[in-house]
Amino acid sequence: MSVRILKINSSARYADASTRRLTEAVVADLLRRHPDAEVIDRDVAQGVPFVSEGHIEAVYTPTDDRTPAQRQLLSSSRHLIDELKSADYLVIGAPMYNFSVPASLKAYFDQVAQAGVTFSYSEAGPKGLVDNIREAFVAVSSNGVPLDSPVDFLTGYVRHYLGFLGIDNVRVLDATGQIAGPHREREALDALVAA
């Protein structure tokens, strides 16, 4: 069974997006280690459905009792979850928009967080059920907000969210400060290669 790499990009920018360049570099590095790996390219900037009341009702309806309309409503969510649960590596491009993640990435996170499927609750608290990811890489860029600063609501959120799903081996690649030039992107790539 071949290795699978799930690459998720969320930047609204394409040609000049630091996070897109970083995700490509990370994937290239992973492909050097795993030449036969399959890459699943998920560009959430192209659109991910937002969770709706109907979606919530469908999630909490027992599987055998779901109507055809409910099953159809959950088909996109199910597909995204299947991609995530089949991957060995996760690579996320997360530009900082207004101190946090882009709405498209938040919508993706909302679609794949499903009780009983990607996490569960017990007397001991929540338990992540996504135990297949060997390593997750999160490429973060901003126009000046330092990572882990009091106004960085992206980095801690993404780490916590991934941990909630059971993905604990998370490496954040810091390409913040792009307004000062692309040197931070190069530093992030050098840190990846050095590790």
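Predicted model: local features only at pLDDT ≥ 70, side-chain atom pairs only at ≥ 80, totals over all residues.
Me: How are Y157 and Y161 placed along their helix?

Reply: The general idea first: an α-helix has 3.6 residues a turn, so residues three or four places apart point the same way. Here, Y157 and Y161 lie 4 residues apart in helix α6, which spans residues 155-165. About one helical turn therefore separates Y157 from Y161.

Me: How should I read a pair of rings, and how many aromatic pairs are there?

Reply: Two values describe a pair of aromatic rings: the distance of the centres and the angle of the planes. With centres within 6.5 Å as the cut-off, the count is 6 aromatic pairs. For Y157 and Y161, the ring centres are 6.3 Å apart and the planes stand at 40°, so this pair is tilted.

Me: Which residues make up the aromatic cluster that holds Y157 and Y161?

Reply: Y108, F109, Y157 and Y161 form one aromatic cluster.

Me: Let us turn to strands. How many residues of β3 are buried?

Reply: The idea to bring along is that side chains in a regular strand alternate between the two faces of the sheet. Strand β3, residues 89-95, has 7 of its 7 residues buried. Both faces are covered, with Y89, V91, G93 and P95 on one side and L90, I92 and A94 on the other.

Me: Which strands pair with β3?

Reply: Strand β1 (residues 4-9) runs parallel to β3 and is joined to it by 5 bridges. For instance, L6 has L90 in β3 as its bridge partner. Strand β6 (residues 135-142) also pairs with β3 in the parallel sense, over 7 bridges. There, G93 has A139 in β6 as its bridge partner.

Me: Which residues of α4 are buried, and what do they pack against?

Reply: S77, L80, I81, E83, L84 and S86 are the buried residues of α4. The buried residues of α4 pack against β1, β2 (38-43), α2 (53-59), β3, α5 (103-112) and α6.

Me: Where is T176, and is this residue buried or exposed?

Reply: T176 is found in strand β7, residues 170-176. With a relative accessible area of 7%, T176 is buried. Its C-alpha atom is 8.7 Å from that of M96, although T176 and M96 are 80 residues apart along the chain.

Me: Finally, how many helices and strands does the protein have, and in what order do the elements run?

Reply: The protein has 7 helices and 7 strands. From the N terminus on, the order is β-α-β-α-α-α-β-α-β-β-β-α-β-α. Of its 195 residues, 49% are buried. Among contacts between residues at least 6 apart in sequence, 77% join residues at least 24 apart. The accessible surface comes to about 9900 Å², and 54% of this belongs to carbon and sulfur atoms.

Terms used: Residues numbered from 1 in each chain as written. Heavy atoms only, no water. Phe/Tyr/Trp six-rings, centres within 6.5 Å; stacked < 30°, edge-to-face > 60°. Helix = DSSP H or I, 4+ residues; strand = E, 2+ residues; numbered from the N terminus. Buried < 20%, exposed > 50% of the residue type's maximum accessible area, 1.4 Å probe, protein only. Pairing = 2+ DSSP bridges. Contact = heavy atoms within 4.5 Å. Areas by Shrake-Rupley, 256 points an atom, 1.4 Å probe, with all protein chains shown as cover.
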